[in-house]
Amino acid sequence: TKLLLRYISKEYLDQKSFLELGAGSGLLSIYAAKNGAKVVASDINPISVQCVRTNSVENSVDINTIQSDVFENIPQQRFDFILINPPYYKKNPASVSDYAWYCGEKGEYFQSLFQNLDGYVHENSKVIMVLCDGCDLEMVKELAKKNKFTLRRVQKNETIIETNYIFIIEGLK
(Lines give C-alpha, C1' and ligand atoms only; values in the text may rest on other atoms or scores of the structure.)
Protein backbone atom coordinates (compact mmCIF):
# COMPACT_ATOMS: atom_id res chain seq x y z
CA THR A 1 0.00 0.00 0.00
CA LYS A 2 2.81 2.42 0.87
CA LEU A 3 4.49 1.67 -2.45
CA LEU A 4 1.27 2.42 -4.34
CA LEU A 5 0.74 5.57 -2.29
CA ARG A 6 4.19 6.88 -3.17
CA TYR A 7 3.56 6.06 -6.82
CA ILE A 8 0.17 7.79 -7.11
CA SER A 9 1.37 10.81 -5.16
CA LYS A 10 2.96 11.93 -8.47
CA GLU A 11 -0.39 11.81 -10.29
CA TYR A 12 -2.85 14.66 -10.82
CA LEU A 13 -6.11 13.33 -9.33
CA ASP A 14 -8.37 16.40 -9.13
CA GLN A 15 -11.76 15.62 -10.71
CA LYS A 16 -10.51 12.20 -11.89
CA SER A 17 -12.59 9.07 -11.42
CA PHE A 18 -10.75 6.63 -9.18
CA LEU A 19 -11.41 3.01 -8.26
CA GLU A 20 -9.52 1.10 -5.59
CA LEU A 21 -10.00 -2.67 -5.81
CA GLY A 22 -9.19 -4.37 -2.50
CA ALA A 23 -9.32 -1.16 -0.49
CA GLY A 24 -8.60 -2.65 2.95
CA SER A 25 -8.53 0.36 5.29
CA GLY A 26 -9.04 2.80 2.40
CA LEU A 27 -5.73 4.65 2.67
CA LEU A 28 -5.31 5.03 -1.10
CA SER A 29 -8.94 6.02 -1.58
CA ILE A 30 -8.71 8.63 1.18
CA TYR A 31 -5.55 10.05 -0.38
CA ALA A 32 -7.23 10.25 -3.78
CA ALA A 33 -10.38 11.86 -2.35
CA LYS A 34 -8.33 14.43 -0.42
CA ASN A 35 -6.69 15.28 -3.75
CA GLY A 36 -10.02 15.90 -5.48
CA ALA A 37 -10.74 12.52 -7.08
CA LYS A 38 -14.23 11.06 -7.30
CA VAL A 39 -13.59 7.76 -5.51
CA VAL A 40 -15.11 4.32 -5.48
CA ALA A 41 -13.50 1.90 -3.01
CA SER A 42 -14.32 -1.80 -2.97
CA ASP A 43 -13.40 -4.84 -0.96
CA ILE A 44 -14.84 -8.34 -0.66
CA ASN A 45 -14.51 -8.25 3.13
CA PRO A 46 -17.45 -6.52 4.89
CA ILE A 47 -15.17 -5.53 7.78
CA SER A 48 -12.87 -3.70 5.34
CA VAL A 49 -15.88 -2.00 3.74
CA GLN A 50 -17.00 -0.73 7.14
CA CYS A 51 -13.42 0.34 7.92
CA VAL A 52 -13.27 2.43 4.71
CA ARG A 53 -16.62 4.02 5.56
CA THR A 54 -15.46 4.88 9.08
CA ASN A 55 -12.09 6.19 7.88
CA SER A 56 -13.67 8.32 5.16
CA VAL A 57 -15.96 9.99 7.74
CA GLU A 58 -13.03 10.55 10.12
CA ASN A 59 -11.05 12.09 7.25
CA SER A 60 -13.98 14.20 5.97
CA VAL A 61 -13.93 12.77 2.45
CA ASP A 62 -16.68 11.37 0.25
CA ILE A 63 -15.99 7.80 -0.89
CA ASN A 64 -18.53 5.50 -2.52
CA THR A 65 -17.75 2.20 -0.76
CA ILE A 66 -18.96 -1.09 -2.22
CA GLN A 67 -18.63 -4.66 -1.01
CA SER A 68 -17.61 -6.55 -4.14
CA ASP A 69 -15.61 -9.50 -5.39
CA VAL A 70 -13.48 -7.76 -8.03
CA PHE A 71 -16.04 -5.98 -10.31
CA GLU A 72 -19.08 -8.09 -9.34
CA ASN A 73 -21.10 -5.33 -7.57
CA ILE A 74 -19.49 -2.27 -9.14
CA PRO A 75 -21.76 -0.58 -11.69
CA GLN A 76 -20.02 -0.54 -15.05
CA GLN A 77 -18.36 2.81 -15.71
CA ARG A 78 -15.06 4.02 -17.09
CA PHE A 79 -12.45 5.12 -14.54
CA ASP A 80 -9.45 7.39 -15.05
CA PHE A 81 -7.49 5.47 -12.40
CA ILE A 82 -7.83 1.94 -11.07
CA LEU A 83 -5.50 0.86 -8.26
CA ILE A 84 -5.21 -2.82 -7.43
CA ASN A 85 -3.49 -4.44 -4.46
CA PRO A 86 -4.62 -8.00 -5.21
CA PRO A 87 -4.42 -11.25 -3.31
CA TYR A 88 -1.18 -12.85 -4.48
CA TYR A 89 -1.01 -16.48 -3.46
CA LYS A 90 -2.47 -19.49 -5.29
CA LYS A 91 -4.76 -21.14 -2.78
CA ASN A 92 -8.53 -21.19 -2.35
CA PRO A 93 -9.68 -18.80 0.40
CA ALA A 94 -11.26 -20.65 3.33
CA SER A 95 -12.62 -17.54 5.08
CA VAL A 96 -13.53 -13.97 4.22
CA SER A 97 -10.23 -12.71 5.64
CA ASP A 98 -8.32 -15.19 3.40
CA TYR A 99 -9.48 -13.26 0.32
CA ALA A 100 -6.87 -10.61 1.16
CA TRP A 101 -4.12 -13.18 0.52
CA TYR A 102 -5.35 -15.97 -1.75
CA CYS A 103 -6.37 -15.58 -5.39
CA GLY A 104 -7.68 -19.13 -5.86
CA GLU A 105 -5.77 -22.26 -6.87
CA LYS A 106 -5.97 -21.32 -10.56
CA GLY A 107 -5.72 -17.56 -10.10
CA GLU A 108 -9.47 -17.03 -10.25
CA TYR A 109 -9.12 -13.48 -8.91
CA PHE A 110 -6.90 -12.55 -11.85
CA GLN A 111 -9.14 -14.39 -14.31
CA SER A 112 -12.08 -12.27 -13.16
CA LEU A 113 -10.00 -9.09 -13.10
CA PHE A 114 -8.77 -9.37 -16.67
CA GLN A 115 -12.04 -10.76 -18.10
CA ASN A 116 -13.95 -7.73 -16.80
CA LEU A 117 -11.38 -4.92 -16.81
CA ASP A 118 -12.16 -3.74 -20.34
CA GLY A 119 -15.62 -2.59 -19.21
CA TYR A 120 -14.11 -0.20 -16.64
CA VAL A 121 -11.36 1.53 -18.62
CA HIS A 122 -11.15 4.06 -21.44
CA GLU A 123 -8.22 4.74 -23.74
CA ASN A 124 -6.55 7.08 -21.24
CA SER A 125 -7.18 5.09 -18.06
CA LYS A 126 -4.24 4.32 -15.84
CA VAL A 127 -4.50 0.89 -14.21
CA ILE A 128 -1.85 0.38 -11.54
CA MET A 129 -1.26 -2.92 -9.76
CA VAL A 130 1.26 -4.03 -7.15
CA LEU A 131 2.55 -7.62 -7.15
CA CYS A 132 5.33 -9.39 -5.26
CA ASP A 133 7.92 -11.98 -6.20
CA GLY A 134 6.06 -14.57 -4.11
CA CYS A 135 3.13 -14.68 -6.51
CA ASP A 136 2.92 -16.49 -9.84
CA LEU A 137 3.92 -13.54 -12.03
CA GLU A 138 3.92 -15.65 -15.20
CA MET A 139 0.35 -16.81 -14.56
CA VAL A 140 -0.78 -13.20 -14.04
CA LYS A 141 0.96 -12.08 -17.23
CA GLU A 142 -0.57 -14.97 -19.21
CA LEU A 143 -4.08 -14.24 -17.93
CA ALA A 144 -3.60 -10.58 -18.85
CA LYS A 145 -2.39 -11.51 -22.35
CA LYS A 146 -5.30 -13.94 -22.85
CA ASN A 147 -7.64 -10.97 -22.27
CA LYS A 148 -5.66 -8.55 -24.48
CA PHE A 149 -3.78 -6.76 -21.72
CA THR A 150 -0.11 -6.49 -20.91
CA LEU A 151 1.78 -5.68 -17.71
CA ARG A 152 4.51 -3.07 -17.91
CA ARG A 153 6.74 -2.93 -14.84
CA VAL A 154 7.38 0.66 -13.77
CA GLN A 155 8.88 0.16 -10.32
CA LYS A 156 10.72 -2.44 -8.27
CA ASN A 157 11.20 -2.29 -4.50
CA GLU A 158 13.39 -4.87 -2.76
CA THR A 159 13.29 -5.55 0.97
CA ILE A 160 14.81 -8.31 3.06
CA ILE A 161 11.47 -10.15 3.02
CA GLU A 162 10.29 -9.73 -0.58
CA THR A 163 10.48 -7.81 -3.82
CA ASN A 164 7.45 -5.77 -4.83
CA TYR A 165 6.68 -4.49 -8.30
CA ILE A 166 4.34 -1.85 -9.61
CA PHE A 167 2.85 -2.64 -12.99
CA ILE A 168 0.80 -0.54 -15.36
CA ILE A 169 -1.83 -2.67 -17.08
CA GLU A 170 -2.24 -1.66 -20.69
CA GLY A 171 -4.50 -2.85 -23.50
CA LEU A 172 -2.95 -4.61 -26.48
CA LYS A 173 -5.43 -3.00 -28.89
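**Figure 1. Pairing of strands E2 and E3.** Val-40 has Asn-64 of E3 as its bridge partner. Strand E2 (residues 38–43) pairs with E3 in the parallel sense, over five bridges. Helices (H or I, at least four residues) and strands (E, at least two) are DSSP runs numbered from the N terminus, and two strands pair if DSSP finds at least two bridges between them. The model shown is predicted: local features need pLDDT of at least 70, side-chain atom pairs count only at pLDDT 80 or more, and totals for chains, interfaces and linings use all residues. Residues are numbered from 1 along each chain as its sequence is written, and side-chain values use heavy atoms, with hydrogens and water left out.

Figure 2. Seven strands form an open sheet in the order E3-E2-E1-E4-E5-E7-E6, with mixed pairing. Its edge strands, E3 (63–67) and E6 (149–158), each pair on one side only. From one strand to the next, the twist averages 20°. Helix H3 (residues 46–58) packs on the sheet and touches E2 and E3, and its direction makes about 170° with that of E3. Axes are lines fitted to C-alpha atoms, for helices over the stretch in contact, and angles run from 0 to 180 degrees between N-to-C directions; contact means heavy atoms within 4.5 Å.

Figure 3. Thr-163 lies in strand E7 (residues 163–171). Thr-163 counts as buried because its relative accessibility is 9%, the limit being under 20% relative accessible area with a 1.4 Å probe and protein chains only. Apart from neighbours within four places in sequence, Thr-163 is in contact with Leu-131, Cys-132, Asp-133, Lys-156, Asn-157 and Glu-158.

**Figure 4. The largest pocket.** This pocket has a volume of about 910 Å³. A pocket is an open set of points on a 1 Å grid over the protein atoms alone, where a 1.4 Å probe fits, with protein on both sides within 12 Å along at least five of seven lines; lining residues have an atom within 4 Å of a point. The volume is the space filled by probe spheres set on the points, which are joined across faces, edges and corners. Of the 44 lining residues, Gly-22, Asn-85, Pro-86, Pro-87 and Ala-100 lie nearest the centre of the largest pocket. H4 gives the most to this lining, with four residues.

**Figure 5. The second largest pocket.** About 210 Å³ of space lies in the second largest pocket. Among its 13 lining residues, Val-121, His-122, Glu-123, Glu-170 and Gly-171 are the closest to its centre. E5 provides the largest share of this lining, five residues.

Technical notes: Buried means under 20% relative accessible area, exposed over 50%, partly exposed in between (1.4 Å probe, protein chains only).
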